[in-house]
Every structure is written in structure tokens, then in C-alpha cells.
Amino acid sequence: MRVGVIGAGVMGGGIAQSLAVAGEEVVCTDIAPSALDAARRDAAEGRYGLAGAVARGKLSEDDAEAARARITYTEDFAAAAASDLVIECVPERLDVKLGVFRRLDEAAAPGAILASNTSGFAIAAMAGATSRPDHVIGWHWASPAFVMRFAEIVVTEATSDVVRDTVVDCARRC
């Protein structure tokens, strides 16, 4: 599965790394080149990065290299939106999150799953910003994403069972 991550901050970068280690092809985007550079650096050599996982015996060097190769960092929003599953990881401002979901609704394929990593806003609000509320779900990750084995999956009345099951399966792989 191809997964887009919108926002390359601490959470978005860590989520991209976790997904890549789990075997997913990941496109991580941000409007700030410096955030993309930091996410790339943290995934490779940060405190919870791939090099440290190899040093601690959590990953083989081959697995770490394969994970690095599965992540693309880009400023191109459309490249991340062209994914099977897109996870929004922008700052906790409702207006910003709603704007991202409106853009994703236009840019993503009709069957794409749109997820939010929000910890404080109603997923129904994000779903309401789209024409596909049945394909919107909350997937809240604990921090740091690469270390914490916790996922809070939040559905709305409209979220389809297939969407829920797909995200739960992906979360388990992570």
C-alpha cells in the first residue's frame, strides 16, 4: 500500500518512518523544506532513527536500508495525496486541518482513505469537510511514533467497515 503523510514534523516524520519499516511505500510532504530535511535526518540518525534501531539490534542494516528507500520526502502535496491512505499530521489548528482535508478531497483518488492524527478535534469535523465521510478516520499515534506501540483508531457513524479494517490492519503491521 502507498501511504501519504501530510506534515513532516515530529509526528509526521516518525509516522513515515514507522510505516516504511512496516513495509509500506511512503510519500511524506511538507510546505517547509527544513521540516522535510529534519524528518529525513531524524529517520536516518535521530534518537529513534533507523541507525539507532540497528545499533540496538531492533532492525538489521538491510531492513533499515530498505525502510529508508521506501520513504520519499517532497514538497509536492499532490504526490502524497496520490496514495491509497493519506494521514494528516499538520499542527493542531482546526482551520488548517479542515483546509488539508478539503484539498485531499479534491486531490486524492475517490477510494483513498483520509486519516487524521489529531488528538483533540472531532474526526466528524474532518469528514464533514469532504464529499467522502465514509472514507475518513482518525488514526492517532503516540509519540515517538517509532517507539510507542499504541494506535487510537477513531471512527464516525459514517466511517465504513472496510476503511476501519484497512487502517487497523496497517496499524497492526506498524
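User: Are Trp-139 and Trp-141 buried or exposed?
Analyst: This is a predicted model. Buried means under 20% relative accessible area. By that cut-off, both Trp-139 and Trp-141 are buried.

User: The structure holds one aromatic pair. How are the rings of Trp-139 and Trp-141 arranged?
Analyst: Their ring centres lie 4.8 Å apart, and the planes meet at 25°. Planes under 30 degrees apart count as stacked. The pair of Trp-139 and Trp-141 is therefore stacked.

User: Which residue has its charged end over the ring of Phe-77?
Analyst: The charged end in question sits 3.8 Å from the centre of the Phe-77 ring. It belongs to Arg-103.

User: How many disulfides does the count come to?
Analyst: A disulfide needs two cysteine sulfur atoms within 2.5 Å. For Cys-89, the closest cysteine sulfur is in Cys-28, 7.8 Å away, so that is too far for a bond. Cys-170 is in no disulfide either, with the sulfur of Cys-174 at 4.6 Å. The count of disulfides is zero.

User: What is the relative accessibility of Cys-170?
Analyst: Cys-170 counts as buried. Its relative accessibility is 0%.

User: Which element gives the most to the lining of the largest pocket?
Analyst: The largest pocket holds about 420 Å³ of space, and 18 residues line it. Elements that give two or more residues are helix 1 (10-21), strand 6 (136-141) and helix 8 (161-173). The most, three residues, come from helix 8.

User: How many residues of that lining are nonpolar?
Analyst: One lining residue of the largest pocket is polar and four are charged. The nonpolar residues number 13.

Notes:
Residues are numbered from 1 along each chain as its sequence is written. This is a predicted model: local features need pLDDT of at least 70, side-chain atom pairs count only at pLDDT 80 or more; totals for chains, interfaces and linings use all residues. Side-chain values use heavy atoms; hydrogens and water are left out. On a 1 Å grid over the protein atoms alone, a cavity is a set of points where a 1.4 Å probe fits but cannot get out, and a pocket is an open set with protein on both sides within 12 Å along at least five of seven lines; lining residues have an atom within 4 Å of a point. Grid points are joined across faces, edges and corners, and a volume is the space filled by probe spheres set on the points. Helices (H or I, at least four residues) and strands (E, at least two) are DSSP runs, numbered from the N terminus. Ala, Val, Leu, Ile, Met, Phe, Trp, Tyr, Cys and Pro count as nonpolar, Asp, Glu, Lys and Arg as charged, and the others, Gly among them, as polar. Rings of Phe, Tyr and Trp (its six-membered ring) pair if their centres lie within 6.5 Å; planes under 30 degrees apart count as stacked, over 60 as edge-to-face and the rest as tilted. Buried means under 20% relative accessible area, exposed over 50%, partly exposed in between (1.4 Å probe, protein chains only). A charge sits over a ring if NZ of Lys or CZ of Arg is within 6 Å of the ring centre and within 35 degrees of the ring normal.
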